[in-house]
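Subject: Structure handover

Hello,

Here is the structure we talked about. My notes on it follow below.

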Amino acid sequence: MTATAIPALQTRDLTKVYPGFWSSQHVRALDKLNLTVNRGEIFGLLGPNGSGKTTTIKLLLGLINATEGSAGVLGKPAGDQIARRSIGYLPEETYLYRFLNARQTLDFYARLFNMNRAQRNRAVEFYLEFVGLDPAVRRRQLRTYSKGQARRVGLAQSLLNDPELVILDEPTSGLDPLATIEMKKLIKELKRAGKTVLLSSHQLADVEDVCDRVCILYRGKLEIEGTVDSLLEVKDVFRIEGRNVPVDLQVKMVAMLHEAGVSDINPGVQRSRLEDVFKRLVLEKRSAERAPGGPK
């Protein structure tokens, strides 16, 4: 089997039981999880609190050992040192050294990958540009950063080793709507760069926007898995949209549907998403501020 044919992630009956003092207090956090994530896709790992998402990530990273079953990462057993070098991980909380600036932070982590000075300088500059961190703040201490700015540095740090697999845990947590949009664009850029992305999030709209396939866990068990389109398609609803449709034609069309016995007819105008309205307003304001003679 060629390297490209080997799944990025694969689990077989993966089970994790956290022991309690009494056998009745044992917690089965993950129960016989069978999952395959193909290379080059964005895969969403979903579920309510306590469903096993964090346990799954820890098992894949080799931070904890499975009770039963197995997990493979890039063709190697989970926790394998070679596989670990090809993983980038953004945890839910961005823990960074508050008194370093962005450049110092990335340079510090680049040293852990044994990069020489020239390599570090190239990598730091490239990934600060890639995540879109404002050049004006790059030399400020991280303690002065907003949540969105710190999140960008965290993402850049997770990409320093040019990983094949990127695991993102709640990447849009605490971000405002525009920063969330920009983070989703970055995730799509990772796919275009040939990366595989495992995305764990409670923000279902974000998952819907970026993921190719998703699964939903509940109490440690895999309940649903499939492409986003197949899971969201409502097969018994037909919809047609058009611009500038005359009112009299709208009335006729609704009457025709009634005569044909169609039920649950809901005529109305197309709605934008609130995210689109927010993005349009903020971008227009920013553009006006940057224009010569614009408001300061």
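R152 has 15% relative accessibility and therefore counts as buried (under 20% relative accessible area; over 50% is exposed and anything in between partly exposed, with a 1.4 Å probe and protein chains only). The residue sits in helix α5. Apart from neighbours within four places in sequence, R152 is in contact with V131, G132, L133, E182 and L186, where contact means heavy atoms within 4.5 Å.

On provenance, this is a predicted model, in which local features need pLDDT of at least 70 and side-chain atom pairs count only at pLDDT 80 or more, while totals for chains, interfaces and linings use all residues. Residues are numbered from 1 along each chain as its sequence is written, and side-chain values use heavy atoms, with hydrogens and water left out. Helices (H or I, at least four residues) and strands (E, at least two) are DSSP runs, numbered from the N terminus.

Helix α5 (residues 147-159) also meets helix α3 (residues 102-112): their axes come within 10 Å and cross at roughly 25°. Axes are lines fitted to C-alpha atoms, for helices over the stretch in contact, and angles run from 0 to 180 degrees between N-to-C directions. That makes α3 roughly parallel to α5 (angles under 35 degrees; over 145 is roughly antiparallel, 65 to 115 roughly perpendicular, the rest oblique). The residues making the contact are A102, T105, L106 and Y109 on α3, and V153, A156 and Q157 on α5. Five of them are nonpolar, two polar and none charged (Ala, Val, Leu, Ile, Met, Phe, Trp, Tyr, Cys and Pro count as nonpolar, Asp, Glu, Lys and Arg as charged, and the others, Gly among them, as polar).

There is an open sheet of six strands with mixed pairing, in the order β6-β7-β8-β3-β9-β10; two strands pair if DSSP finds at least two bridges between them. Its edge strands, β6 (87-90) and β10 (221-227), each pair on one side only. On average, and ignoring direction, neighbouring strands are turned by 15° against each other. Strands β7 (residues 165-169) and β8 (residues 196-200) run parallel and are joined by five bridges; D169 has S200 as its bridge partner in β8.

Helix α1 (residues 53-61) packs on this sheet and touches β3 (42-46), β6, β7, β8 and β9 (213-218), its direction making about 130° with that of β3. Seven of the nine residues of α1 are buried, so the helix is largely enclosed by the rest of the structure. After α1 comes G62, with a positive phi near 80°. Helix α5 lies across β6 and β7, at about 165° to β6.

Regards
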